[in-house]
Amino acid sequence: MINLKCTKIRRNTIVKEDSKTRELVNEGIGAREVRLIDDEGKNHGVVPTNKALELAKEKDLDLVVVSPNQAPPVAKIIDWGKYKYETEKRAKEARKKQHVVEVKEVKMRYKIDTHDYDVRMKAARKFLAQQNKVKLVVMLRGREIQHNKLAFDLANKFLEDIQDIAPVVERRPMLEGKNVVAILAPGQAK
């Protein structure tokens, strides 16, 4: 549970802070000394926190700890609202550029027709081109479990046919319950 608290930062600005950021702004800074950087980027060295707060109030700005893991922590004189907005914007951009690898599933039976096989192959190629992993499942129903060698043969044929775009086989075909399962990862052919 996040502990939300409203605090008055400056003038009539009310800012909601969670318990993690509370100690990083103005009077909430717990350190006796901070390494101070002013609003123009000039380094003032190690300064007592109360003096740094006075300098920030003179410029009508906030004292924000930007690097709390240092000894003493690094604090900057900046507009806290603008700083928070920019850090959230940078984090959002980083999330946009990040690609989450998903596992896409391609299912078939060992009695599959050639056209259906080509459709599954095309789908798997598309998934691998999108840098996703592909889980190949050859389903066996009822007494078909007795013919699992045919399912293994189909899975191995699939792996050979798609080897040009997916040379990395994370898991070779294995029998899991009534399914033969293999997992392919995207990669460049050697």
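**View 1. Helix H1 lies across one of the sheets.** Helix H1 (residues 49-58) lies across E3, E4, E5 and E6 and runs at about 125° to E4. Helices (H or I, at least four residues) and strands (E, at least two) are DSSP runs, numbered from the N terminus. Contact means heavy atoms within 4.5 Å, and axes are lines fitted to C-alpha atoms, for helices over the stretch in contact, with angles from 0 to 180 degrees between N-to-C directions. Helix H2 (residues 80-97) lies across E5 and E6, at about 30° to E5. A word on the source: this is a predicted model, in which local features need pLDDT of at least 70 and side-chain atom pairs count only at pLDDT 80 or more, while totals for chains, interfaces and linings use all residues. Residues are numbered from 1 along each chain as its sequence is written, and side-chain values use heavy atoms, with hydrogens and water left out.

**View 2. The whole chain, for orientation.** Here you can find 4 helices and 10 strands, following the pattern β-β-β-β-α-β-β-α-β-α-β-α-β-β along the sequence. Of the 190 residues, 31% count as buried; buried means under 20% relative accessible area, exposed over 50%, and partly exposed in between (1.4 Å probe, protein chains only). The chain exposes about 12800 Å², and carbon and sulfur atoms supply 50% of that area, by the Shrake-Rupley method with a 1.4 Å probe. Among contacts with a separation of 6 or more, 52% are between residues 24 or more positions apart.

**View 3. The open sheet E4-E3-E6-E5.** This sheet has 4 strands in mixed pairing; two strands pair if DSSP finds at least two bridges between them. E4 and strand E5 (62-67) stand at the edges with a single partner strand each, so one side of each has no neighbour in the sheet. On average, neighbouring strands of this sheet are turned by 35° against each other, direction ignored.

**View 4. Strand E3 and its two partners.** In a regular strand the side chains alternate between the two faces of the sheet. To strand E4 (residues 43-48), E3 is joined by 5 bridges, and the two run antiparallel. Opposite each other stand Glu33 and Pro48, Val34 and Val47, and Arg35 and Val46. The hairpin of E3 and E4 has 5 residues between the strands, and in this hairpin Gly41 takes a positive phi near 90°. With strand E6 (residues 74-78), E3 pairs in the parallel sense over 3 bridges; the bridge partner of Arg35 in E6 is Val74.

**View 5. The open sheet E7-E8-E10-E9.** This sheet also has 4 strands and mixed pairing. Its edge strands, strand E7 (103-109) and strand E9 (168-176), each pair on one side only. From one strand to the next, the twist averages 15°. Helix H3 (residues 114-129) packs on the sheet, touching E7, strand E8 (133-139) and E10, and its direction makes about 170° with that of E7. Helix H4 (residues 148-161) lies across E7, E8, E9 and E10, at about 170° to E9. Look also for E9 and strand E10 (residues 179-185), which run antiparallel and are joined by 6 bridges; Glu176 stands opposite Asn179.

View 6. Tyr117 lies in helix H3 and Phe158 in helix H4, so the pair ties together parts that are 41 residues apart in sequence.

**View 7. The nonpolar cores.** A nonpolar core is a set of buried Ala, Val, Leu, Ile, Met, Phe, Trp, Tyr and Cys residues joined through side-chain atoms within 4.5 Å. In the largest, with 22 residues, Met108, Val134, Val138, Phe158, Ile162 and Leu184 touch the most other members. E7, H3, E8, H4 and E10 each supply at least two residues of this core. Leaving aside residues up to four places away in sequence, Val134 touches Lys104, Val106, Ala124, Phe127, Leu128, Ala182, Ile183 and Leu184. A second, separate core has 12 residues, including Ile29, Ala52, Leu61 and Ala75.
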